Amino acid sequence: MAKLVVKREKSFLSSARKFKVIVDEEIVGYVHSGEEAGFDVAEGEHTVQAGISMINGISKKIKVNIGQNDTRVVVKPNPVMWVILILAVIIGANLGIGLSRGYFSLPLLIILIVLMGLSTVFAVSIKQEN
């Protein structure tokens, strides 16, 4: 058996949650923030992804050719998430201020919903180390 080593970079974003490591649509284990974990995988080409869930953020699938030596991938929260998080807080605060003053902003709500949808798409990035 070959080994897939998954390194999750330490980050404040999603640090309290463990990421699933998914190989060929099956969960093979979990990795915590700042940890590195190894998983036994058959040699050959596999699809790998990592993250919490489709709703809370998961990486795109990458194809990895696993050989006799350890194959390493790095998982980290996408830096775009900081921008999305800051914008969501600002827009959410503006919605709250508007509601407290007796008016409602549908465009701000739509932007907030779009931002939250984008956050699940861009939440986690994964790449193979050379």
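Predicted model: local features only at pLDDT ≥ 70, side-chain atom pairs only at ≥ 80, totals over all residues.
**Entry 1: the main core**

I started with the largest nonpolar core, which has 23 residues, and Leu4, Val6, Val48, Val73, Val75 and Ile126 touch the most other members. By nonpolar core I mean a set of buried Ala, Val, Leu, Ile, Met, Phe, Trp, Tyr and Cys residues joined through side-chain atoms within 4.5 Å. Buried is under 20% relative accessible area, exposed is over 50%, and partly exposed is in between (1.4 Å probe, protein chains only). Two or more residues each come from strands S1 (2-8), S2 (19-23), S4 (36-41), S5 (44-53), S7 (62-66), S8 (71-77) and S9 (124-128). Apart from this core I found another one of six residues, including Ala88, Ile91, Leu112 and Leu115.

Residues are numbered from 1 along each chain as its sequence is written, and side-chain values use heavy atoms, with hydrogens and water left out.

What does valine 6 touch, not counting residues up to four places away in sequence? I listed Val21, Val31, Glu35, Glu36, Ala37, Phe39, Val73 and Val75. A contact here means heavy atoms within 4.5 Å.

Next I looked up valine 48, in strand S5. Valine 48 is buried, at 1% relative accessible area. Leaving aside neighbours within four places in sequence, valine 48 is in contact with Leu4, Ile22, Val23, Lys60, Lys61, Ile62, Val64 and Ile126. I also checked valine 48 against serine 14: they are 34 residues apart in sequence and 19 Å apart in space, C-alpha to C-alpha.

**Entry 2: a valine on a helix**

Is valine 89 buried or exposed? Valine 89 is exposed, with a relative accessible area of 54%. I found valine 89 in helix H1 (residues 80-100). Valine 89 and serine 33 are 56 residues apart in sequence, and their C-alpha atoms are 24 Å apart in space.

Most residues other than glycine have a negative phi. I then looked at aspartate 24, which is not a glycine but has a positive phi of about 50 degrees. Aspartate 24 lies in the loop between S2 and strand S3 (26-31), and counts as partly exposed at 36% relative accessibility. Glutamate 25 has a positive phi too, of about 70 degrees. Glutamate 25 lies in the loop between S2 and S3, and is exposed at 54% relative accessibility.

**Entry 3: the whole chain**

I counted two helices and nine strands; these are DSSP runs (helices H or I, at least four residues; strands E, at least two), numbered from the N terminus. Along the sequence, the pattern reads β-β-β-β-β-β-β-β-α-α-β. The radius of gyration is 18 Å, well over the 14 Å that the globule rule gives for 130 residues, so the chain is more spread out than a compact globule. That radius is taken over C-alpha atoms, and the rule is 2.2 Å times the number of residues to the power 0.38. The C-alpha atoms fill a box of roughly 65 × 25 × 20 Å along the principal axes.

Buried residues make up 38% of the 130 in the chain. Among contacts between residues at least 6 apart in sequence, 66% join residues at least 24 apart.
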